[in-house]
Every structure is written in structure tokens, then in C-alpha cells.
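Please walk me through this protein, one question at a time.

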Amino acid sequence: MIGFIGGHTIEAKTMAQGEDDSCVSSVIFVVLVVLCLVVALNDPVYHVGIDAVAGLNPATDLFQPTLHPEFDLRVRVDKGLLWGHGDGCLELGSTVAVSYRRVPLAAAAVPSRLCPEAGAGSVPVVARGSGVRVPGSVRDALARELWRGIGAPGFEITLTVPHQQQQGRWKVVSCRAKVGNAAALRADCAVSVVEEKWTFQKAAPDAPQIAAE
């Protein structure tokens with residue numbers, strides 16, 4: 001009888017300990033979720049718009065062997081939602097790349113820290129491509145959108161920004177915009193954080209060559 005009661009006593013203690021461990025795990029999980037939300041809400045919010053494009057005229061440019069596009073971009077960096085982290089500036093070392101249907105067209109490097117002028121709210125960035133070769137199917141699709149008036153083509157814009165709170169990591173900011181569409185500067189871009197070694201992978205041998213000026 002004593003052994004039987006003792007056995008039940010040990011089992012009860014084991015169950016109680018298991019419940020305690022489960023509670024601790026739940027609390028840790030909740031804390032981690034809250035911390036992730038705080039970090040996400042405190043990060044700057046990025047917006048990108050395209051003011052103008054040159055070098056993609058369907059009548060004179062798109063049927064040339066190589067393209068020399070130029071994009072006048074506007075980048076707006078809003079403060080985080082919680083404690084206002086961020087000052088609206090685009091950090092030194094940032095890069096900007098423009099593509100159409102995942103084909104690179106133009107790029108630019110930020111040579112110095114860019115901050116908006118008083119009342120501007122955004123900083124201008126000019127991305128250029130030199131001698132860009134574009135696959136025929138992509139070139140034809142772009143020409144159709146521009147020539148036949150199907151609608152302003154949507155371009156993909158990618159910012160690579162040094163992470164200010166996590167040394168050795170970078171933010172990859174993915175945006176979409178159409179030329180002259182002011183609404184793009186109100187749409188939030190998607191942000192992911194990557195390690196440095198993944199950010200600077202070499203381009204594939206058959207990738208279009210971009211010369212940023």
C-alpha cells in the first residue's frame with residue numbers, strides 16, 4: 001500500500017513539473033512574439049516612387065541591341081510606429097536596383113548619406129543602366145505596355161540598406177512602382193533582413209550587365 005501511494009505521489013509530482021515547464025515555455029514564446037512585434041513596429045518604413053524614365057521609348061530605344069535606361073526615383077523613409085526610430089535618411093552604402101519582370105535594368109549606389117530637404121519628405125535617387133541586354137520576350141512585353149497603352153508598366157525596385165541595429169546584416173527592401181504614380185510613395189515596401197554573405201552574391205554569368213553611375 002505504501003509503495004502504491006508513493007508511486008502515485010511521484011506521478012503527481014511529475015505531472016505538476018510538466019505543467020510548470022509548459023507554462024514557462026508558453027511565457028517565453030509570448031515574450032519572443034512581443035519582442036518581434038516591437039522590433040518590427042520600431043523599424044523605419046520605406047516607400048519608393050518613380051518620377052520619370054528615359055531610354056525606354058518603344059519607338060526609338062526598345063529595338064536597339066542594348067538599352068541605356070535612366071530612372072528618376074524618390075525614396076521616402078518614415079519613422080517607426082512606436083518610438084519614431086529613423087530620421088528619413090538613406091544610409092551610406094545603400095544600393096538601389098530597378099528591374100522589369102525580374103530582369104535588371106538600372107542601378108545606383110548611395111555615395112553619401114542622403115537626407116530629405118526641409119519639407120521634401122523624400123530623397124531623389126537616379127538609377128542608370130549602360131549597355132543592358134534584355135531578353136526578347138521581356139523587351140516585347142515592356143514595349144506592348146508602353147506602346148499599346150495597356151497601362152503603365154510596373155517596375156520592381158530593390159533597396160539594399162545597411163542594418164543600423166544589427167551589425168553585419170542588411171535590409172532588403174522590395175517595392176513596386178509605376179512611372180508618375182504618386183500613390184507608390186504611400187505604399188509600404190516589404191522588408192527582409194539577410195546576412196552580408198547572401199546580400200553580395202556574384203551575378204550569374206548570363207545576367208544583364210548593369211553599370212551604375
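This is a predicted model: local features need pLDDT of at least 70, side-chain atom pairs count only at pLDDT 80 or more; totals for chains, interfaces and linings use all residues.

**Glutamate 156 and its surroundings**

Q: Which side chain makes a polar contact with the side chain of glutamate 156?
A: A polar contact is a pair of N or O atoms within 3.5 Å; within protein, one must be able to donate a hydrogen and the other to accept it, and residues adjacent in sequence count only if both atoms are side-chain atoms. At 2.8 Å, the partner of the glutamate 156 side chain is the side chain of serine 99.

Q: Is glutamate 156 buried or exposed?
A: Buried means under 20% relative accessible area, exposed over 50%, and partly exposed in between (1.4 Å probe, protein chains only). Glutamate 156 has a relative accessible area of 17%, so this residue is buried.

Q: Which backbone nitrogen lies 3.2 Å from a polar atom of the glutamate 156 side chain?
A: Glutamate 156 lies in strand S6. Strands (E, at least two residues) and helices (H or I, at least four) are DSSP runs, numbered from the N terminus. The backbone nitrogen in question belongs to arginine 101.

Q: How many helices and strands does the protein chain have?
A: Along the sequence, the pattern reads α-β-β-β-β-β-α-β-β-β-α. The count is 3 helices and 8 strands.

Q: How many residues are in the largest nonpolar core?
A: A nonpolar core is a set of buried Ala, Val, Leu, Ile, Met, Phe, Trp, Tyr and Cys residues joined through side-chain atoms within 4.5 Å. Phe71, Leu73, Val75, Val98, Phe155, Ile157 and Leu159 touch the most other members. Helix H2 (136-147) and strand S6 (154-162) are among the elements that each supply at least two residues. The core has 37 residues.

Q: What percentage of the residues of the protein chain count as buried?
A: In soluble globular proteins, nonpolar side chains tend to be buried together. The protein chain has 213 residues, and the buried share is 31%.

Q: Which element gives the most to the lining of the largest cavity?
A: A cavity is a set of points on a 1 Å grid over the protein atoms alone where a 1.4 Å probe fits but cannot get out; lining residues have an atom within 4 Å of a point. The lining includes Leu62, Tyr100 and Arg139. With 3 residues, the top contributor is H2.

Definitions and conventions:
Residues are numbered from 1 along each chain as its sequence is written. Side-chain values use heavy atoms; hydrogens and water are left out. On a 1 Å grid over the protein atoms alone, a cavity is a set of points where a 1.4 Å probe fits but cannot get out, and a pocket is an open set with protein on both sides within 12 Å along at least five of seven lines; lining residues have an atom within 4 Å of a point.
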